[in-house]
Amino acid sequence: MTLRARHLLGIEPLAPDEITALLDLAERYVALNRSGSKHADVLAGLTQINMFFEPSTRTQASFELAGKRLGADVMNMAVAQSSVKKGETLIDTALSLNAMHPDLLVVRHPASGAVNQLAEKVTCAVLNAGDGRHEHPTQALLDALTIRRAKGRLHRLTVAICGDIAHSRVARSNLILLNRMESRVRLIGPPTLMPAGVAEFGAEVYDDMRAGLEGADVVMMLRLQRERMDGGFIPSEREYYHRFGLDAEKLAHAAPDAIVMHPGPMNRGVEIDGTLADDIRRSVIQEQVEMGVAVRMAAMHLLADNLRAARRAGAG
């Protein structure tokens with residue numbers, strides 16, 4: 001099992017066999033996390049720094065837990081209290097961090113491309129925990145693992161991604177992954193929440209929820225990202241829910257065994273009916289959270305293997 005890249009900056013560089021290898025290893029970590037011990041020593045002796053320039057309790061907690069379960073020394077950097085707030089540039093921050101000799105650097109940043117820029121300046125392995133509207137690779141991978149476990153495969157599925165497509169790095173990463181694994185993707189939402197050039201994304205585009213959900217195997221709802229909106233993208237939350245919120249009536253248009261997903265946090269009664277979100281027969285939202293820890297363990301495991309191999313080659 002291997003990843004060929006030094007970093008995990010996006011789904012775009014990953015080949016189908018790398019995606020499969022990472023998911024297969026994550027399956028092993030699902031079993032470990034459900035066991036009595038929950039610990040391995042794969043990252044023993046390595047230091048992991050989590051640096052989040054924008055808040056995300058769920059993702060940061062997941063990466064922290066993943067690192068600790070693999071035996072790493074984990075440090076969460078409080079960026080809000082750091083020199084960045086005093087005018088330090090991203091490059092200065094990267095160089096300062098590099099001087100501490102971390103092995104794994106987990107970064108979330110509000111600017112698209114910032115994580116790639118930082119990765120060019122450090123000698124450790126970098127994992128993108130979400131950058132602007134660009135990518136969120138581990139979210140797409142945990143979604144893929146959740147889908148594969150529920151459906152038994154990732155290929156030849158019809159997956160509907162619904163809601164705020166324009167502001168969503170989750171949608172972008174999932175679209176790339178699902179296309180790569182030969183599934184059919186539909187993007188559903190109001191035209192105001194579709195990105196420019198959406199016709200070139202390799203997906204079918206719908207602004208009618210019922211038509212878009214027809215026969216879908218997977219229904220993936222997205223959060224309305226108001227913090228990234230700077231205008232009147234929707235008339236009102238009530239109107240949005242009426243047209244694009246997932247409820248039992250709209251879900252009835254999907255396949256009878258369709259699963260319901262949401263990357264969280266959810267706006268109940270805006271993007272999804274609360275009863276549906278909690279329906280253990282259809283909803284896999286809680287399983288997505290569980291898969292997140294296993295996928296991040298697998299990603300850090302494979303990147304640490306690459307890092308150690310590169311260091312051995314350099315020493316030789």
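Helix axes here are lines fitted to C-alpha atoms over the stretch in contact, and the angle between two axes runs from 0 to 180 degrees between N-to-C directions. With that settled, I opened the structure, which is a predicted model.

**Entry 1: α1 and α11**

I began with α1 and helix α11, residues 285-315; their axes cross at roughly 120 degrees and come within 8 Å. An angle of 65 to 115 degrees would count as roughly perpendicular and one over 145 as roughly antiparallel, so α1 is oblique to α11. I noted the hand of this crossing as right-handed. Next I listed who touches whom. From α1 the contact takes L22, L25, A26, Y29, V30, L32 and N33. From α11 it takes E290, M291, V293, A294, V295, M297, A298, A299, H301 and L302. Sorted by class, this contact holds 14 nonpolar residues, 2 polar and 1 charged.

**Entry 2: α5 and α6**

Then I looked up another helix pair: α5, residues 137-151, and α6, residues 169-180. Their axes lie 8 Å apart and the packing angle is about 55 degrees. That angle makes α5 oblique to α6. The crossing of α5 past α6 is right-handed. On the α5 side I wrote down P137, Q139, A140, L141, D143, A144 and I147, and on the α6 side V170, S173, N174, L177 and L178. By class, I have 8 nonpolar, 3 polar and 1 charged for the contact of α5 with α6.

**Entry 3: aromatic rings**

How many aromatic pairs does the count come to? I found 1 aromatic pair. Its partners are Y240 and F244, with ring centres 5.9 Å apart and planes at 40 degrees, so I filed the pair as tilted. Both belong to helix α8, residues 237-244; they are 4 residues apart there, which means a separation of about one helical turn.

**Entry 4: backbone checks**

I went on to the backbone angles. Which residues does the cis peptide bond join? The bond runs between G264 and P265, and omega there is about -10 degrees. P265 sits in the loop between β9 (259-261) and α10 (274-277).

K38 has a phi near 65 degrees, and its place is the loop between α1 (16-33) and β1 (47-52). With a relative accessible area of 30%, K38 is partly exposed. H101 has a phi of about 55 degrees, again without being a glycine. I located H101 in the loop between α3 (90-98) and β3 (104-109). H101 counts as exposed, at 61% relative accessibility.

**Entry 5: D257**

My last stop was D257, in the loop between α9 (248-251) and β9. What does D257 contact once its neighbours within four places in sequence are left aside? The answer is K151, D217 and R282. I also checked D257 against A216: the two are 41 residues apart along the chain, and their C-alpha atoms are separated by 9.2 Å.

Key. Residues numbered from 1 in each chain as written. Predicted model: local features only at pLDDT ≥ 70, side-chain atom pairs only at ≥ 80, totals over all residues. Heavy atoms only, no water. Helix = DSSP H or I, 4+ residues; strand = E, 2+ residues; numbered from the N terminus. Parallel < 35°, antiparallel > 145°, perpendicular 65-115°, else oblique. Left-handed = near helix turned anticlockwise from the far one by under 90°. Contact = heavy atoms within 4.5 Å. Nonpolar A, V, L, I, M, F, W, Y, C, P; charged D, E, K, R; others polar. Phe/Tyr/Trp six-rings, centres within 6.5 Å; stacked < 30°, edge-to-face > 60°. Buried < 20%, exposed > 50% of the residue type's maximum accessible area, 1.4 Å probe, protein only.
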